[in-house]
Amino acid sequence: MNVSGLYIYPIKSLQGISLKEAQVLERGFKHDRRWMLISEDNSLITQRTHPHLSQVVVSIDDENIAASYKGMPDMKVPLVLDDGKNVVAKVWNDHVEAHQAPSHINEWFSKIIGEPSRLVFMKETATRPVNPERAVNNENVSFADGYPYLILGESSLADLNKRLESQLPMNRFRPNIVFAGGEAFVEDEWQKIEIGDVQFHVSHPCKRCIFTTIDQDTGQIGKEPLKTLATYRREGNDVIFGVNTLALSNGIIKVGDPIIPN
C-alpha cells in the first residue's frame, strides 16, 4: 500500500490543493484549514449551508493563498496574519482564538457568500483539543471538523462506486491522505501506521454528513453517496467512510511512500 494523494484545504470548506509532499504537524498538514469563514455571530460558514463555496478555487505559494471565483477579481490572502483584530471563532462546540483578515478580504468573501462574513486565521498560540476520549498526547486540531487527518483508500471508493449509478471522485470526501492498494476498508482495521518516518494513530471511522452529497465541480446537491453508504456502511445511526487519524510525530511524507501498519 502506498500514498497516492495528499491534500490540504487551507480555507475550510473551499476547494482543496493536491500536493506531492506535505509537512505533518500535530494539528494537521502545514497550512491545512488554518483559515475559516465566519458569520456575524462568529460561527463557521461551510458548504453545508453555502454549497457554492465549492466553486472557490484556492492555490498557495510561499507568501499567499490565492482565491478565485467566477466573475470576480482574484484575492490574495497572506499566509500568516498575526496583527489582525482578535476574534473568538466558533467551530461547532469549540471556541478558538483567531485573527480577523483585513476588510477588503472580508468584503470579497461577503460578496460570494451573499451575507456579511469574515475570514479568520487560527492564532499560532490558539488551542483546540481533539476529543479527550480519542486523544493520545492531548493533541490539538486546526479548524477541521474534529481531527487533524482523514485517510481514505482508493479501494474503498472503488467499492462504493460499484454500487452507484454514477461514479464519484475522491474530492467528495475531502481526505488528507489517499492510498492505493489493499482491500476495501482495510483502513478501518488499522490502529497505528508508518508513512515515511512519521507515525500515525488511526482513531476511528469518520462519520459522514450532507457535505459528501455536494458535487465539488458544480455545487449541486444530490442524495448520493449517503443513500447508498447508509445501506452497508453504518455504525449505529452514523454513516462512516474513511478514518480519523492523529499524527504521533512530525515530518515530511510524500506521494509514493509506503504505508506500513503496525
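Student: What is the bridge partner of His99 in E11?
Tutor: Strands of a sheet pair through backbone hydrogen bonds, either parallel or antiparallel. This is a predicted model. Here, His99 has Phe121 of E11 as its bridge partner. Strand E10 (residues 94-100) and strand E11 (residues 118-122) pair in the antiparallel sense, over three bridges.

Student: In what order do the strands of the open sheet run?
Tutor: The order is E5-E11-E10-E9, four strands with antiparallel pairing. E5 (35-38) and E9 (86-91) are the edge strands, each pairing on one side only. Ignoring direction, neighbouring strands are turned by 50° against each other on average.

Student: Which strands does helix H1 touch?
Tutor: H1 (residues 103-113) packs on this sheet and touches E5, E10 and E11. The direction of H1 makes about 120° with that of E11.

Student: Now another helix. Which residues of H2 are buried?
Tutor: An α-helix has 3.6 residues a turn, so residues three or four places apart point the same way. In H2 (residues 154-162), the buried residues are Ser156, Leu157, Asp159, Leu160 and Asn161. They pack against E12, helix H3 (226-232) and strand E17 (238-247).

Student: What is the volume of the largest pocket?
Tutor: Rolling a probe the size of a water molecule over the atoms shows where empty space is left. The largest pocket has a volume of about 830 Å³. It is lined by 34 residues, and Asp145, Gly146, Tyr147, Cys206 and Asn244 are the closest to its centre.

Student: Which element gives the most to that lining?
Tutor: E15, with four residues. The lining of the largest pocket divides into 14 nonpolar, eight polar and 12 charged residues.

Key. Residues numbered from 1 in each chain as written. Predicted model: local features only at pLDDT ≥ 70, side-chain atom pairs only at ≥ 80, totals over all residues. Heavy atoms only, no water. 1 Å grid on protein atoms, 1.4 Å probe; cavity = no way out; pocket = protein on both sides within 12 Å on 5 of 7 lines; lining within 4 Å. Points joined across faces, edges and corners; volume = space filled by probe spheres on them. Helix = DSSP H or I, 4+ residues; strand = E, 2+ residues; numbered from the N terminus. Nonpolar A, V, L, I, M, F, W, Y, C, P; charged D, E, K, R; others polar. Buried < 20%, exposed > 50% of the residue type's maximum accessible area, 1.4 Å probe, protein only. Contact = heavy atoms within 4.5 Å. Pairing = 2+ DSSP bridges. Axes fitted to C-alpha atoms, helices over the stretch in contact; angles between N-to-C directions.
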